[in-house]
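Work through the exercises below with the coordinates open, and try each task before reading its solution.

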Amino acid sequence: MNTSMRLPESEYLDINHFSHLFDNMSESYKIFWFQAIVELVLAGKDRMSYDELLNRMIVSAWYMVSEYHLNMGPSDTLEGLVNYIYKTSGLKSNEKPEKILAYLGQLEDGEFKNKKNVISYNVPYRLQAPFMPSMKGRAWALPKPKLAARINQEKRLIYYFLTIQGMQSEIRVQPEWINYITKNQEIIKGWIQFNLILYLQKRNPSVPGIASKLYPPQERKIERVKKYWKAIAAVSPLHDIYGDTELTQHNLSIDHFVPWSYVAHDELWNLHPTTRSINSSKSNNLPEWNAYFPKLCKIEYLGYCLSWQYEQVHKEFEKCLKEHVNNLDIQVKLYSKGLSKELFANRLEEVIYPVYHAAQEMGFGSWNLQQAQNGI
């Protein structure tokens with residue numbers, strides 16, 4: 001899986017075998033385990049416990065699973081562990097890494113510990129298998145203390161085992177590898193990210209924007225879209241599609257009809273005005289199609305018509321086209337002059353429904369404002 005990315009050479013280290021760390025992966029553990037090692041090395045540590053490495057693995061996978069609903073593999077325990085903590089902890093899908101780490105550090109929970117044990121059963125030992133081609137078959141089936149002792153006999157490994165005591169087991173990264181990682185940290189982090197993207201794309205073939213879903217969500221840059229809808233509100237009464245609230249220059253917020261967490265883009269056809277409180281209530285959920293898509297068509301068509309009718313609206317619309325309509329076919333289909341309301345609605349449905357349905361299949365939940373307000 002290290003295809004087409006070359007790592008820096010070293011006079012002293014076995015970079016050829018190192019470059020094959022992520023070959024033959026059926027689960028995600030190797031990438032996240034090594035990424036956690038790199039993070040701690042760059043934080044100045046050479047000794048690290050299974051416990052702190054696994055907690056960092058959870059944090060690294062947190063946003064991919066809880067925020068973006070990415071599939072990590074058919075039976076990936078790390079994905080299951082993140083989902084378990086997300087559902088039981090009260091932590092947010094966009095929680096800060098430090099807060100997640102602090103929570104995990106004090107968590108006493110049997111299921112949590114069991115799942116961590118499953119993840120740690122093979123990956124600390126198997127990660128370095130490319131350095132040990134002579135170890136085959138039953139050689140890997142030794143009890144963990146004996147397996148660690150056997151691996152410790154090998155030469156030129158990245159790390160060796162200090163103690164084997166469950167989650168308090170410790171490894172020590174070798175000084176020459178610490179120097180290599182530190183010196184080439186940007187390249188190595190890019191290599192890890194490259195392999196992670198390849199792994200996730202293979203398991204999420206219909207999901208857009210994988211590269212944007214590796215890290216915590218960033219604030220969207222949709223100021224031009226907001227100015228466009230404010231220009232519309234200045235010339236015509238405007239009401240949001242969820243609660244029929246009147247929108248003004250002061251309370252207008254921009255919502256992604258299909259959540260950004262799925263689409264990973266800010267295309268104009270998926271953006272419409274609402275209020276900040278409703279936007280917050282909807283969060284990363286899908287609005288009920290039958291209840292809200294007809295209203296989305298209505299407000300989008302209103303904006304379309306007014307953009308051809310008023311010069312100040314058209315001016316803001318043209319700015320949006322440059323940044324927020326990146327597909328020429330869609331630009332022609334939805335924003336050519338002279339479309340009827342019916343034709344516009346049909347074309348908008350052709351564009352948005354496949355994306356909406358794919359997000360449903362990924363597990364994004366359904367949302368209705370009235371039910372949300374009633375606590376249903």
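**Exercise 1.** At what angle do helix 11 and helix 15 pack, and how far apart are their axes?

*Solution.* The model is a predicted one, in which local features need pLDDT of at least 70 and side-chain atom pairs count only at pLDDT 80 or more, while totals for chains, interfaces and linings use all residues. Residues are numbered from 1 along each chain as its sequence is written, and side-chain values use heavy atoms, with hydrogens and water left out.

Begin with the elements: helices (H or I, at least four residues) and strands (E, at least two) are DSSP runs numbered from the N terminus. Axes are lines fitted to C-alpha atoms, for helices over the stretch in contact, and angles run from 0 to 180 degrees between N-to-C directions. With these conventions, helix 11 (residues 223-233) and helix 15 pack at about 160°, their axes lying 9 Å apart. Helix 11 is therefore roughly antiparallel to helix 15, given that angles under 35 degrees count as roughly parallel, over 145 as roughly antiparallel, 65 to 115 as roughly perpendicular and the rest as oblique.

Next, list the contact (heavy atoms within 4.5 Å): helix 11 contributes Arg224, Val225, Lys227, Tyr228, Ala231 and Ile232, and helix 15 contributes Gln312, Val313, Glu316, Phe317, Lys319, Cys320, Glu323 and His324. Sorted by class, the residues of this contact are 7 nonpolar, 2 polar and 5 charged, where Ala, Val, Leu, Ile, Met, Phe, Trp, Tyr, Cys and Pro count as nonpolar, Asp, Glu, Lys and Arg as charged, and the others, Gly among them, as polar.

**Exercise 2.** Determine how helix 14 is oriented relative to helix 15, and which residues make the contact.

*Solution.* The axes of helix 14 (residues 289-309) and helix 15 (residues 311-324) come within 6 Å and cross at roughly 115°, which means that helix 14 is roughly perpendicular to helix 15. On the side of helix 14 the contact is made by Leu306, Ser307, Trp308 and Gln309, and on the side of helix 15 by Glu311, Val313, His314 and Phe317. The contact of helix 14 with helix 15 divides into 4 nonpolar, 3 polar and 1 charged.

**Exercise 3.** Locate His69 and Ser283, and state the phi of each.

*Solution.* Most residues other than glycine have a negative phi. His69, by contrast, has a positive phi near 60°, and His69 sits in the loop between helix 3 (50-67) and helix 4 (77-89), where its relative accessible area of 26% makes it partly exposed. Ser283 likewise has a positive phi, about 55°, in the loop between helix 13 (276-282) and strand 6 (286-287), and counts as partly exposed at 42% relative accessibility.

How values were computed. Buried means under 20% relative accessible area, exposed over 50%, partly exposed in between (1.4 Å probe, protein chains only).
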